[in-house]
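Please read the points below alongside the sequence and the three-dimensional view.

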Amino acid sequence: MKILLTICLICVPAFAQQIGNPTTQYGVTPPRGVFAIRNARIVTVSGADIENGTVVIRDGKIEAVGANVNVPAGAQSIDGRGLSVYPGMIDAGTNMGLVEVPQGANGTVDTSEVGELNPNAKAITAVNPHSAHIAVTRVEGITNALTAPTGGLISGQAALINLLGTAPKEMAVVSQFALVINYPRIAGGGGGGFGGFQQPVNLSERLANNERQVQQIRKMLRDADAYGRAQDAYAKDKTLPRPDRNVVLEPLVPYVRGEQPVIFRADREAEIRGALRFADEMKLKPIILGGNDAWKVASLLKEKNVPVILTGIFTLPSREDDPYDALYENPAKLQQAGVRFCISTGDPGAEVRNLAQYAGMAAAFGLSKADAVKSVTLYPAQILNVGDRLGSIEAGKMANLVVTDGDLLEIRTRIRYLFIDGRPVVLSSRHTELNDAFKNRK
Amino acid sequence: MKNLLLLFVVVLVGSVVKAQTVSPSETLIRNATVLTITRGTLTNTDVLIRNGKIAAVGKNLNASANARIIDATGKFVMPGIIDCHSHSMLDATNEGSLAVTSMVRTEDVLNPTDGDLYRALAGGVTTLNLLHGSANPIGGLNSVVKIKYGRPASEFLFPGAMPGIKFALGENVKRSSAPNQPGVTRRYPNTRMGVEEVIRDAFTRARDYKRTWDEYRAASVKDKNLISPKRDLQLEPLVEILEGRRYVHAHCYIASEILMLINLADEFGFKIKTFQHVLEGYKVAKEIAAHGAGASIFADSWGYKIEAYDAIPYTAAIMTRAGVVVSMNSDSDERARRLNIEAAKAMHWGDLTEEQALKLITLNPAIQLGIQERVGSIEAGKDADVAIWNGHPFSVYSRVDTTFIDGTVFFDRQQDLARRGELAKERARLEQADPNKPPAQGQSPQLPRRRPRSHEDGEFIEEERP
């Protein structure tokens, strides 16, 4: 491996030591500092590309970006000639850090609580900062993930994290970003498994069951609304009977009041429409997660201004007569219809590192290359309500930056430097270590 | 309600979505960048296809008057992709009731109407190695097919491909994720020790069986009245392995089980043609190379179960450097559509050259299936199994325009787009048809049969049979 670090204005050894600190991948957070990436192509995403410019990072933030930016005295400098700087990518549909080995190692799985209604299951509580998935993912240029619980009807609360940190608290960008609801699907039949086929279903029974499940969610959200009003009333008038605190209902209050978003997992047209109706009825602030059929519901999504986190770019079309490229084209169709969307792997953790290829495939099928980059940077940042902090290279934003030797989405491109929260991150992982250990075995 | 209805028409409409097969006897692809695999990358080059074969590769070629001419300026031509591990078009994947099922054949369960075949064609794939699942130490026999979607199953079979068989080691064979059920004895084997013993036992029996037949054949030259030994359909394929007439494709994960099978094969005097998946192959690359086995791997799948936790995406590069013939497979109808991306990953993570990486999905799998004289590169005389891409196939922004098998178009994007309106109309008509009307209150609709499509290596029966 060639030495990636080149110029360092004042203290070459100190900088090299920091970048090369082998303990970093085990989750010991490297220090912030003042850094300047010079003479690089800068893809700001929010504005025009800067063909030859400088990005200055100070104390975790982007201090300055532009063609004529001075490098501050004392800054550690990176020669960016021939390199490109992008904002870090964001995957808004993962279970990062909640599961290590999904099959055959239940002890490492913390995605799904017992029971149907678990609004108080908070992803940030269980995120494992030392999961091998985290370093494996970030060295491919993904700096942030929304990590969400998956179980039951109300799964819990999702957290937006930096993929760096020794403790969940250090990683958290927004610890309780959204409530996650699995919008009930009308199951198509049981059986299956390998070699199995779907069994006949009783449709009326399925529909009734579906309505029962929706009603379960509705009841809990209404209870939470009533709970919130009772607490408010008591806060204003202490002569009222004091309502008991309830740790399950309490976290739901900002969601039922529409102050924070509710993520609905919904792929099929019926589920997406159902989730939109339900959100209207309950006056929620919905986001659709999944969205395989979103292209069929585009005008309604546009009308309701509901964003979609698309996780199915690499999913086979669900119907045999769907066009072969139905899901590759989904982003382009939503873009044309004016629907807000972003692209996610929808993967628990291990494959999140391939996020760039999901966006690239969308660009192969109609999305512009610039929009494809936005779909994994600025768009997810905006949908996750952190458009002012992440997703583009602008002064004042968090310094989550990726320096590449080429087009961010191209498969052969390699990451040269990585900054998360303004901290230089060593580009090693469990995989680079195993490679180093075995590649020269004679 | 409407959506459920849509589901019901799938079976009817599905049969309509098939490739248009246009086949003039001659096609000239003009002015392309040709990724020949064996002779480098040729720019501004023509490929002439005649009677199903590549007739010539060169500049300014001439075609006869009624040839189909394709202007491929700015486009790339590469050999059809060969997927060395697929379960597509199989109506059954695992005969999981016994530990040794060398008597069953995938050839008996081919479903040529599987819609995912068309999607693979749209990803530039032309040949599949259809393998039995991984439930058994010794599984069933494979089928190598060309994806002649729209034709009968018999026309899919790749003539002259070496017969093969699936072996499997590790968690799937041990049935690690099958729950213990009260009163039900677990199937033997339950450990990697038992797996070795099952294979050893089978080959011991096969060696005796072979000797019995060899002795009979020798003796029957002199005495025509000798009664032949009884045939054993389980052992016959194993004898073919011992005689080098059948390739072993062995599913495996961890280093120790890979070495176990190498040792066992060496002892019995046969070869493993490919280790499939072989996630820890990078740890024992030199032993794999010394045995002469190939490796057919995932680009970067890892961590989905314990035996996959040490997988790394540098495997292709490490094994290639050690002299192993490596291919990149899908084991999934989904991933089969983008094997070009998977192969390119070997340049991202492993420093392979472009030519080495291209071989992972063309010539190398052809070698692993014994069809390298027919396919896997663009050379005069080889089968005209090629795809035209609108950009370099290793660019994430590229897609397939046209896929040929034996010179016939089996996928064409422009034709596909042109037919979508017609299909939408047909669908609307079918939705109004009687069988697709909603069922009466309380009645159950007929749902289409659906084969599980993504195996992700969990390819063994999750449910116990009743």
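1. A residue is called buried here when its relative accessible area is under 20%, exposed when it is over 50%, and partly exposed in between, with a 1.4 Å probe and protein chains only. This is a predicted model, in which local features need pLDDT of at least 70 and side-chain atom pairs count only at pLDDT 80 or more, while totals for chains, interfaces and linings use all residues. Residues are numbered from 1 along each chain as its sequence is written, chains are lettered from A and ligands numbered from 1 in the order in which they are written, and side-chain values use heavy atoms, with hydrogens and water left out.

2. A:Thr137 belongs to helix 3 of chain A, where helices (H or I, at least four residues) and strands (E, at least two) are DSSP runs numbered from the N terminus. With a relative accessibility of 0%, A:Thr137 counts as buried. A polar atom of its side chain lies 2.6 Å from the backbone oxygen of A:His133; a polar contact is a pair of N or O atoms within 3.5 Å, of which, within protein, one must be able to donate a hydrogen and the other to accept it, and residues adjacent in sequence count only if both atoms are side-chain atoms. Not counting residues up to four places away in sequence, A:Thr137 touches A:Met96, A:Ile142, A:Leu163, A:Gly349, A:Val352 and A:Arg353, contact meaning heavy atoms within 4.5 Å.

3. A:Ser375 sits in the loop between helix 11 (369-374) and helix 12 (378-383) of chain A, and is buried, with a relative accessible area of 0%. A polar atom of the A:Ser375 side chain is 2.6 Å from the backbone oxygen of A:Ala372. Leaving aside neighbours within four places in sequence, the contacts of A:Ser375 include A:Phe341, A:Cys342 and A:Pro380; of these, A:Cys342 is itself buried, with a relative accessible area of 0%.

4. Strand 1 (residues 34-42) of chain A has several partners, two strands being paired if DSSP finds at least two bridges between them. Six bridges join strand 1 to strand 2 (residues 50-58) of chain A in the antiparallel sense, and here A:Ala40 has A:Gly53 as its bridge partner. The pairing of strand 1 with strand 4 (residues 76-79) of chain A is parallel, over four bridges, with A:Ser77 as the partner of A:Ala36. Strand 5 (residues 84-87) of chain A also pairs with strand 1 in the parallel sense, over two bridges, and there A:Val85 is the partner of A:Ile42.

5. Which members of the largest nonpolar core touch the most other members? Of its 203 residues, they are A:Leu221, B:Phe167 and B:Phe275, a nonpolar core being a set of buried Ala, Val, Leu, Ile, Met, Phe, Trp, Tyr and Cys residues joined through side-chain atoms within 4.5 Å. Apart from that core lies another, of 17 residues, among them A:Ala40, A:Val55, A:Ile62 and A:Phe419.

6. The count of disulfides over all chains is zero, a disulfide being a pair of cysteine sulfur atoms within 2.5 Å. B:Cys84 is buried at 0% relative accessibility, and its sulfur is 13 Å from the closest cysteine sulfur, in B:Cys252, too far for a bond.

7. Some backbone details deserve a look. The peptide bond from B:Tyr188 to B:Pro189 is cis, with omega near 5 degrees, and B:Pro189 is found in the loop between helix 5 (171-174) and helix 6 (192-222) of chain B. A:Lys283, a residue other than glycine, has a positive phi near 55 degrees and counts as exposed at 66% relative accessibility.
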